[in-house]
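Subject: Handing over the structure, with notes

Dear colleague,

I am passing this structure on to you, and I would be glad if you kept it open while you read the notes that come after it.

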Amino acid sequence: MDSPNKPADTELRRRSAEGVAALDRAIAILDAFTAADRSLSLAEIAARTGLYKSTILRLANSLLRGQLLERLDDGRYRVGPAAFRLGALYQRSVVAVDILLPIMRDLSEHSWESVAFYVRSGDVRTCLYRVESKHPIRYTIREGDVLPLLVGSGGRVLAAFSGQPGEPYETIRRTCNCLAIGDRDPETAGVSAPVFGPGRNLLGALTLAGPSTRVDAAFLQRMKRPLLEAAARATRAFGEDASLLEQASLAAEALP
């Protein structure tokens, strides 16, 4: 026998599903904005989301009330101040080690080589975090070690995305990676990629490296895509658009 509450339960589930769908559409509207967009028109939002303009207008009213969107005098929309507040809250809640170490461990598991994260300190770089290789023979860099900036794949990536002019830095900025064999140490080789934070702020360089007797050019070429994917994953977790790194990852895969 049907429960007397069944019609009410069905209506509640229907409203719940509609609420979730509306939330998904509102998120899609916010996701339509990229770092390159100062504002978007209604037509541009519709083209990017696939939503009807009437739906966008209805949901935009809620986003406007919540200050997640702002409507400009010319009718265009931009992301509102509440989004900045939420972003600031997220940044304060993020602990870099909690983001980076799981990603570094995954990359090390995949490659069986050492993975390090370097940050720039003036004219040198410092190893902030490190995950050791599974091989008994490995190159020895420890957390806290200070290395030159303009040698080694990690240092060159940091220099490139800090504005160092000329080559190889122009190529590094274009490809988002640097492969180096015997550059800093004749017995080591590595490949590095940048990790960004909000506003495309350079946070550091993710480096996969090992002894050059084992880690040769062919191996490093194969590791470019996993490395760039790891850098993109970290960049997204820090709250920045990772499309530059994702495109570089696809380009690295296409290389012979």
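The model is a predicted one, in which local features need pLDDT of at least 70 and side-chain atom pairs count only at pLDDT 80 or more, whereas totals for chains, interfaces and linings use all residues. Residues are numbered from 1 along each chain as its sequence is written, and side-chain values use heavy atoms, with hydrogens and water left out.

I begin with helices, which, like strands, are DSSP runs numbered from the N terminus (at least four residues of H or I for a helix, at least two of E for a strand). Helix H5, residues 96-111, has 16 residues and spans 22 Å from its first C-alpha to its last, close to the 22 Å expected at 1.5 Å a residue, where the expected span is 1.5 Å times one less than the number of residues. Several residues of H5 are buried, among them Ile99, Leu100, Ile103, Met104 and Leu107; buried here means under 20% relative accessible area, exposed means over 50%, and partly exposed lies in between (1.4 Å probe, protein chains only). Just after H5, Trp112 takes a positive phi of about 70°.

Helix H2 (residues 42-49) and helix H3 (residues 53-65) have axes that come within 10 Å and cross at roughly 110°. The axes are lines fitted to C-alpha atoms, for helices over the stretch in contact, with angles running from 0 to 180 degrees between N-to-C directions. H2 and H3 are therefore roughly perpendicular to each other, a term that covers angles of 65 to 115 degrees. Where they meet, Leu42, Ala43, Ile45, Ala46 and Thr49 in H2 are in contact with Lys53, Ile56 and Leu57 in H3, contact being heavy atoms within 4.5 Å.

Next come the charged side chains. A salt bridge is counted when a side-chain nitrogen of Lys or Arg is within 4 Å of a carboxyl oxygen of Asp or Glu, and by this rule there are eleven salt bridges. In one of them, the side chains of Glu44 and Arg76 meet at 3.1 Å, N to O. Glu44 lies in helix H2 and Arg76 in the loop between strand S1 (69-71) and strand S2 (77-79), so the pair ties together parts that are 32 residues apart in sequence. Glu44 is partly exposed at 32% relative accessibility, and Arg76 is partly exposed at 23%.

Another salt bridge joins Arg130 and Glu132, also at 3.1 Å from N to O; Arg130 is buried, with a relative accessible area of 9%, while Glu132 is partly exposed at 38%. Glu170 and Arg173 form a further salt bridge, their closest N and O atoms being 3.1 Å apart, and both lie in helix H7 (residues 169-175), three residues apart, about one turn of the helix.

Lys224, in helix H8 (residues 217-237), is buried yet has no salt bridge, and the nearest side chain of opposite charge, Glu167, is 12 Å away. Leaving aside neighbours within four places in sequence, Lys224 is in contact with Asn177, Leu179, Val191 and Ala252.

Finally, Ala83 in helix H4 (residues 81-93) is partly exposed, with a relative accessible area of 27%, and touches Gln67 and Leu68, not counting residues up to four places away in sequence.

Notes:
Lys, Arg positive; Asp, Glu negative; His and termini not counted. Parallel < 35°, antiparallel > 145°, perpendicular 65-115°, else oblique.
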